[in-house]
Amino acid sequence: MANTVPFRRVAIIGTGLIGGSFALALRELFPGISLVGYSRSGSCERARAAGVVDEATPDLASAVRGADLVYIALPIGASIESLDAVAKSAAPHALVTDACSTKTVICRTAKDHFRSGARFFGGHPMAGKEQSGVEHANAKLFRGAPYALMGTEQEADPRVRAFVEIVRGIGARSIWSDPETHDWAVGIVSHLPQLVSVALARVVQDETDETGLPLTLSGPGLQDMLRLAGSPYDIWRDILLTNTDNVSRALDRLAQAVDHLRTHLASRDLQQEFQVANDLYRQLRKPS
């Protein structure tokens, strides 16, 4: 694969953690690839200075024009807003993909803008850190991580097949889905854990008194549980706004589970719950 560059010029629309990491991973695969970065905040200049991209521009159309692959890694709201301009500037042979954490809204919107010529192909790398920004970008970020692809493995478009090869090349695991199923699934395994961490942080904060207790008694277990609480709201705002129904249902399921635990605290009936939890944890720990 290293001898064949499927996309010679790639536009990274949003040079933050995900966009920057994807650019670094591409450069590792294809040292001669041409990478142009776009951002509204100036991060593309930092990305260029760090060697993450070769060129930087604050003009979206300039970044997209002439690119073989357009990788949109903006927040969801900004990604959706960019689709019209991207579609108007993209070359007819280009593949446009995104890295948004929810897929139903953006894929539905893309259908209105990409009717011929450039192809839109929804995607979502299940990778990230609590820290945002191109300064934390890492070419190895995607290794071993699931990468959701909106379609089926029988996809015939050579542009899509080439991108799927890149997903494999950067070490990610392709998971094919439709947008609605994807959003239900991430509502449970990604968005719910984030909100649980935020809620737990609120409880601990509110219960901590002037002596510092109970926080001063906490150990690594609480730190593990609160790792996600370090994620900034500006990353999660659009995720929750575009997946409200699924997240609400996930919270309902969690409330049912918590009620069950509360009801059986004074009995021996919680052994099965612990066993199920232990089994799931071991399943997650198995090497993929």
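Some ground rules before the details. Residues are numbered from 1 along each chain as its sequence is written, and side-chain values use heavy atoms, leaving out hydrogens and water. Since the model is predicted, local features need pLDDT of at least 70 and side-chain atom pairs count only at pLDDT 80 or more, while totals for chains, interfaces and linings use all residues.

Let's start with H10, residues 244-263. Helices here are DSSP runs of H or I with at least four residues, strands are runs of E with at least two, and both are numbered from the N terminus. H10 has 20 residues and reaches 28 Å from its first C-alpha to its last, close to the expected 28 Å; that expectation is 1.5 Å times one less than the number of residues.

So which residues of H10 are buried? Asn246, Val247 and Ala250 are, where buried means under 20% relative accessible area, exposed means over 50%, and partly exposed is in between, with a 1.4 Å probe and protein chains only. Looking down the axis, the buried residues of H10 fall within an arc of 95°, so they line one face of the helix; the arc is taken over directions from the helix axis to the C-beta atoms. They pack against helix H7 (179-207) and helix H9 (233-241), with contact meaning heavy atoms within 4.5 Å. Over on the other side of H10, Asp245, Arg262 and Thr263 are exposed.

Now, charges. We get 16 salt bridges, each one a side-chain nitrogen of Lys or Arg within 4 Å of a carboxyl oxygen of Asp or Glu. Take Arg9 and Glu55, whose closest N and O atoms are 3.0 Å apart. Arg9 sits in strand S1 (residues 9-13) and Glu55 in strand S3 (residues 55-57), so this pair ties together parts 46 residues apart in sequence.

Arg168 and Glu165 pair up too, at 2.4 Å, N to O. Those two are both in helix H6, three residues apart, about one turn of the helix. Arg168 is partly exposed at 45%, and Glu165 is partly exposed at 37%.

Last stop: Glu155, in the loop between strand S8 (146-150) and helix H6 (158-169). Buried or exposed? Glu155 counts as buried, at 19% relative accessibility. Its side chain makes a polar contact with the side chain of Arg119 at 3.1 Å. By that I mean N or O atoms within 3.5 Å; within protein, one must be able to donate a hydrogen and the other to accept it, and residues adjacent in sequence count only if both atoms are side-chain atoms. And Arg119, Glu155, Asp157 and Arg159 are linked in a network of salt bridges.
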